[in-house]
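Hello,

Here is the structure for you to look through. My notes on what was found in it follow below.

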Amino acid sequence: MNDPDVCRRCALKNPTCCRHASGEERFCFPLPEAEYQALRAFGVPESAFAEEPNAAAFCTHLARLFPSAPVEAAFPVHGTHRRLATPNSACTLLTPQGCSLPRTVRPLFCRTYPLWSIHGRLTAFENPNCLAVCEAAAPMQLCRLMGTDPQRVRAHVHALRGMLFAEE
């Protein structure tokens, strides 16, 4: 049931996780500095990134993903954060065949989505446009389909928390 090609298949037929509704860019996941530097070193151009204000709705959304994290301290209300650019509501790295980056180079959030871990509990984002979510009935099946495992998902989320909030 392992299908590392599921993201490419999804990009060919659905509005994917790499797209958002107009005006929803404020909810795009922030890009930690270490990942930004790694992407730049890989050759991703500066035009692939955007600065976004730390809107209240963004901070509320991030606090749901990282309960008990110091969101307000890391993302002050009058500050900004870097994210992947989404001209025309789609990630600049998205091609008709899926992400232009090899999976191992993609930001951790992109490698983890649609899976997530909150308080160590494996879960999945509800996204009716995500082919992987539609093809897997439960988070464990989704792990197998995405070619990952709960430990890797937890490790990615833990690493993201550490990069974003400098706690760990």
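**Notes on the model**

Thr-112 is a residue of helix 5. Please keep in mind that this is a predicted model. At 3% relative accessibility, Thr-112 is under the 20% limit and so counts as buried. A polar atom of its side chain lies 2.8 Å from the backbone oxygen of Leu-108. If neighbours within four places in sequence are left aside, Thr-112 is in contact with Val-153, His-156 and Val-157.

Pro-114 sits in the loop that runs between helix 5 and strand 5.

Now the chain as a whole. It has 8 helices and 6 strands, and their order along the sequence is α-α-β-α-α-β-β-β-α-β-β-α-α-α. A compact globule of 168 residues would have a radius of gyration near 15 Å, and the protein chain, with 15 Å, agrees with that. The C-alpha trace spans about 45 × 35 × 30 Å along its principal axes. Of the 168 residues, 43% count as buried. Among contacts with a separation of 6 or more, 71% are between residues 24 or more positions apart. The chain exposes about 8,700 Å², and carbon and sulfur atoms supply 56% of that area.

What does Phe-29 touch, leaving aside its neighbours within four places in sequence? Its contacts are Leu-62, Leu-65, Phe-66, Arg-83, Phe-109, Trp-116, Leu-160 and Leu-164.

An α-helix has 3.6 residues a turn, so residues three or four places apart point the same way.

In helix 3, the buried residues are Phe-58, Cys-59, Leu-62 and Leu-65. Seen down the helix axis, they fall within an arc of 115°, so they line one face of helix 3. The face turned away from this buried side carries the exposed residues Ala-56 and Arg-64. Among the elements that cover the buried residues of helix 3 are helix 4 (71-74), strand 2 (80-84), strand 5 (115-118) and helix 8.

In helix 2, which covers residues 33-42, the buried residues are Glu-35, Tyr-36 and Leu-39. Their arc, seen down the axis, is within 105°, so these residues also line one face of their helix. They pack against strand 1 (49-53), strand 2, helix 5 and helix 8. Just after helix 2 comes Gly-43, with a positive phi of about 110°.

Last, two serines with a positive phi. Ser-68 has a phi near 70°, although it is not glycine, and is found in the loop between helix 3 and helix 4. Is Ser-68 buried or exposed? Its relative accessibility is 66%, so Ser-68 counts as exposed. Ser-89, again not a glycine, has a positive phi of about 70°. Ser-89 is placed in the loop between strand 2 and strand 3 (94-95). At 18% relative accessibility, Ser-89 counts as buried, because buried means under 20%.

Regards

Notes:
Residues numbered from 1 in each chain as written. Predicted model: local features only at pLDDT ≥ 70, side-chain atom pairs only at ≥ 80, totals over all residues. Heavy atoms only, no water. Contact = heavy atoms within 4.5 Å. Helix = DSSP H or I, 4+ residues; strand = E, 2+ residues; numbered from the N terminus. Buried < 20%, exposed > 50% of the residue type's maximum accessible area, 1.4 Å probe, protein only. Polar contact = N/O pair within 3.5 Å; in protein donor to acceptor, adjacent residues only side chain to side chain. Arc of directions from axis to C-beta. Rg over C-alpha atoms; globule rule 2.2 N^0.38 Å. Areas by Shrake-Rupley, 256 points an atom, 1.4 Å probe, with all protein chains shown as cover.
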